[in-house]
Amino acid sequence: MTDFTPRPRIWHKAIKKIAATSFGSWLLAGNLHRLDRPVLRLTKGRANLTSLLAGLPVVVLTAKGARSRLPRTLPLAAIQDGSRLVLIASSFGKAQHPSWYYNLKANPDAEVQINGATYPCTARQAEGAEREEYWKKAVEMYTGYARYADKANRQIPVIVLEVDGLS
């Protein structure tokens with residue numbers, strides 16, 4: 001199994017609590033992926049700011065744009081379940097789904113980078129009991145997701161990536 005979960009640090013709980021607040025989500029929503037990019041570039045995809053600060057496992061998703069079909073790359077928190085990765089389309093509690101959600105709905109074939117290695121994957125939306133199971137795991141990993149769901153006033157999609165070559 002590919003392990004990309006960061007080693008627990010003393011500050012992770014505090015950062016997660018801050019990120020789950022209205023101010024924290026507002027601050028991070030527009031800035032975190034921009035701050036993550038140089039760290040990812042410098043470490044060739046082996047480290048990212050989100051994992052270092054909050055202790056959340058992060059993968060780098062590359063998907064084709066829904067309309068442009070151009071590659072769009074960004075780091076996202078993920079939960080591993082065997083050869084599957086689970087993504088939560090919370091958009092920090094915004095009213096609309098994040099753009100990567102629409103990209104994957106339009107073009108489900110994508111790539112995901114874990115610890116510097118790239119794997120092809122296919123995305124699908126979890127429904128019913130599967131969604132509830134993954135949602136529960138996501139909230140256990142990061143309680144901010146529950147706050148984001150209350151704030152967003154929408155059901156937050158849970159996306160499953162079936163990853164080729166991941167075990």
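Glutamate 132 is partly exposed, with 41% relative accessible area. Here buried stands for under 20% relative accessible area, exposed for over 50%, and partly exposed for anything in between, using a 1.4 Å probe and protein chains only. Keep in mind that this is a predicted model, where local features need pLDDT of at least 70, side-chain atom pairs count only at pLDDT 80 or more, and totals for chains, interfaces and linings use all residues. Residues are numbered from 1 along each chain as its sequence is written, and side-chain values use heavy atoms, with hydrogens and water left out.

**Salt bridges**

What does glutamate 132 pair with in a salt bridge? Its partner is arginine 131, which is buried at 7% relative accessibility. A salt bridge here is a side-chain nitrogen of Lys or Arg within 4 Å of a carboxyl oxygen of Asp or Glu. The general idea is simple: side chains of opposite charge can pair when their charged atoms come close. By this rule, the model has six salt bridges. Here are some of them:

| Pair | N to O distance |
|---|---|
| Arginine 131 and glutamate 132 | 3.2 Å |
| Arginine 124 and glutamate 162 | 3.2 Å |
| Lysine 137 and glutamate 133 | 3.7 Å |

Take arginine 124 and glutamate 162, which form one of these salt bridges. Arginine 124 sits in strand β6 and glutamate 162 in strand β7, so their pairing ties together parts that are 38 residues apart in sequence.

Glutamate 133 is partly exposed at 42%, and so is lysine 137 at 33%.

**Two asparagines with positive phi**

Which non-glycine residue has a positive phi of about 50°? That's asparagine 115, found in the loop between β5 (109-114) and β6 (117-125). Asparagine 115 is partly exposed, at 35% relative accessible area. Asparagine 153 has a positive phi too, of about 60°, and its place is the loop between α6 (144-152) and β7 (158-163). Asparagine 153 counts as exposed, at 73% relative accessibility.

**A nonpolar patch**

Phe23, Trp26 and Leu27 form a nonpolar patch on the surface, with about 370 Å² of accessible area together. Tryptophan 26 lies in helix α2 (residues 22-42) and is exposed at 60% relative accessible area. Patch members have over 30% relative accessible area and no salt bridge; nonpolar side chains (Val, Leu, Ile, Met, Phe, Trp, Tyr) are joined within 5 Å, like charges within 9 Å. The areas come from the Shrake-Rupley method with a 1.4 Å probe.

**The second largest pocket**

How many residues line the second largest pocket? There are 18, with Pro6, Arg46, Ala47, Asn48 and Ser51 nearest its centre. The elements giving two or more residues to this lining are α3 (49-54) and β1 (58-64). A pocket is an open set of points on a 1 Å grid where a 1.4 Å probe fits, with protein on both sides within 12 Å along at least five of seven lines, and lining residues have an atom within 4 Å of a point.

Note on methods
Helices (H or I, at least four residues) and strands (E, at least two) are DSSP runs, numbered from the N terminus.
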